[in-house]
Amino acid sequence: MAAAARMVPEETPVALSYAGTTHAVMMASPADLEDFALGFSLTEGIVAGPDEIEAIEVQDLGAGIDIQIRLKDQANTRFQARRRRLAGPVGCGLCGIESIEEAMRAVTPVAASKLALTAKDVALAVRLLSRQQKLHEETGAVHAAGFYVPGKGIVATREDVGRHNALDKLAGALARGGIDGASGAVVITSRVSVEMVQKTAALGAPVVIAVSAPTALAVRTAEAAGMTLVALVRGDEFDIFSRPEQVNCEVSRHVA
């Protein structure tokens with residue numbers, strides 16, 4: 001038996017600090033960190049748009065990374081009013097939230113969208129995302145989040161050891177690229193927890209497509225947000241758990 005050489009992904013503490021105070025510490029892949037900072041700020045409702053951030057500075061501290069985020073006056077005032085501390089290890093993005101109300105925050109319903117997908121779009125979106133998972137191909141140990149636009153394919157992809165982090169990085173990439181979340185579907189390689197639905201809704205994306213299964217709370221939250229939740233995609237087969245009208249299928253797969 002011969003020893004096999006395999007790359008493994010980096011995992012490092014990444015602190016997200018606002019006005020000099022640490023707000024969250026996430027275990028994350030040390031890449032696309034400005035996207036991470038912007039996306040986290042957007043999906044957590046700390047800012048309403050990129051224009052409310054004055055500056056992002058990434059500081060490598062050796063033992064970890066500190067991302068200093070300076071908010072403009074109005075956004076900073078709002079943040080100080082609702083400031084909370086959060087410490088989340090990989091796969092546990094809600095750890096450290098101080099109240100049940102914060103964990104169960106209502107999502108803003110996604111706006112009415114003209115987005116219409118076919119069954120072929122769903123299968124193609126997952127297939128195309130798998131082709132853009134370079135780090136996963138090398139390590140087999142990271143999640144990916146991508147954004148699929150019909151006729152264009154996957155227009156952005158981000159990877160991370162944490163599924164929430166990958167989605168936050170995608171959110172930041174879309175915002176920096178001026179890509180409207182209502183124009184496509186979020187595609188993820190992980191299970192669909194309620195926070196993944198909350199973050200997708202914050203993007204304004206009307207559809208989330210997942211390789212793995214959703215939780216019951218995620219399904220209820222997607223339904224309440226007016227979001228189509230497609231999961232358990234296996235080749236051409238998949239299940240639709242909420243709002244099936246945005247996916248045109250010859251045979252209904254609505255299982256909710």
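At 15% relative accessibility, Glu52 counts as buried, where buried means under 20% relative accessible area, exposed over 50% and partly exposed in between (1.4 Å probe, protein chains only). The model is predicted: local features need pLDDT of at least 70, side-chain atom pairs count only at pLDDT 80 or more, and totals for chains, interfaces and linings use all residues. Residues are numbered from 1 along each chain as its sequence is written, and side-chain values use heavy atoms, with hydrogens and water left out.

**Salt bridges**

Glu52 forms a salt bridge with Arg78; the term requires a side-chain nitrogen of Lys or Arg within 4 Å of a carboxyl oxygen of Asp or Glu. Arg78 lies in helix H2 (residues 73–82) and Glu52 in the loop between H1 and E3, so this pair ties together parts that are 26 residues apart in sequence. Helices (H or I, at least four residues) and strands (E, at least two) are DSSP runs, numbered from the N terminus.

Across the whole structure, a search finds 11 salt bridges.

| Asp160 | Lys169 | 2.6 Å |

Glu44 lies in the loop between helix H1 (33–43) and E3, and Lys199 in helix H7 (residues 194–203), so the pair ties together parts that are 155 residues apart in sequence. Glu44 and Lys199 are both buried. Asp160 and Lys169 are buried too. Salt bridges that share partners also join Asp32, Glu34, Asp35, Arg158 and Arg176 into one network.

**Helices**

The axes of H7 and helix H6 (residues 163–177) come within 10 Å and cross at roughly 0°. Axes are lines fitted to C-alpha atoms, for helices over the stretch in contact, and angles run from 0 to 180 degrees between N-to-C directions. H6 and H7 are therefore roughly parallel to each other; angles under 35 degrees count as roughly parallel, over 145 as roughly antiparallel, 65 to 115 as roughly perpendicular and the rest as oblique. On the H6 side the contact (heavy atoms within 4.5 Å) is made by Arg163, His164, Leu167, Asp168, Ala171 and Leu174. On the H7 side it is made by Glu195, Met196, Lys199, Thr200 and Leu203.

Helix H4 (residues 119–131) has 13 residues and reaches 19 Å from its first C-alpha to its last, close to the 18 Å expected. The expected span is 1.5 Å times one less than the number of residues. Buried residues of H4 include Asp121, Val122, Ala125 and Leu129.

**Strands**

An open sheet of mixed pairing is formed by six strands in the order E8-E7-E9-E10-E11-E12; two strands pair if DSSP finds at least two bridges between them. Its edge strands, E8 (153–160) and E12 (237–242), each pair on one side only. Neighbouring strands of this sheet are turned by 20° against each other on average, direction ignored. Within it, E10 (residues 207–210) and E11 (residues 228–234) pair in the parallel sense over three bridges, and Ile209 stands opposite Val230 in E11. Helix H8 (residues 216–225) lies across E11 and E12, running at about 65° to E12.

Strands E3 (residues 53–60) and E4 (residues 65–71) pair in the antiparallel sense over seven bridges. Glu57 has Gln68 as its bridge partner in E4. E3 and E4 form a hairpin with four residues between them, and Gly62 in the turn has a positive phi of about 90°.
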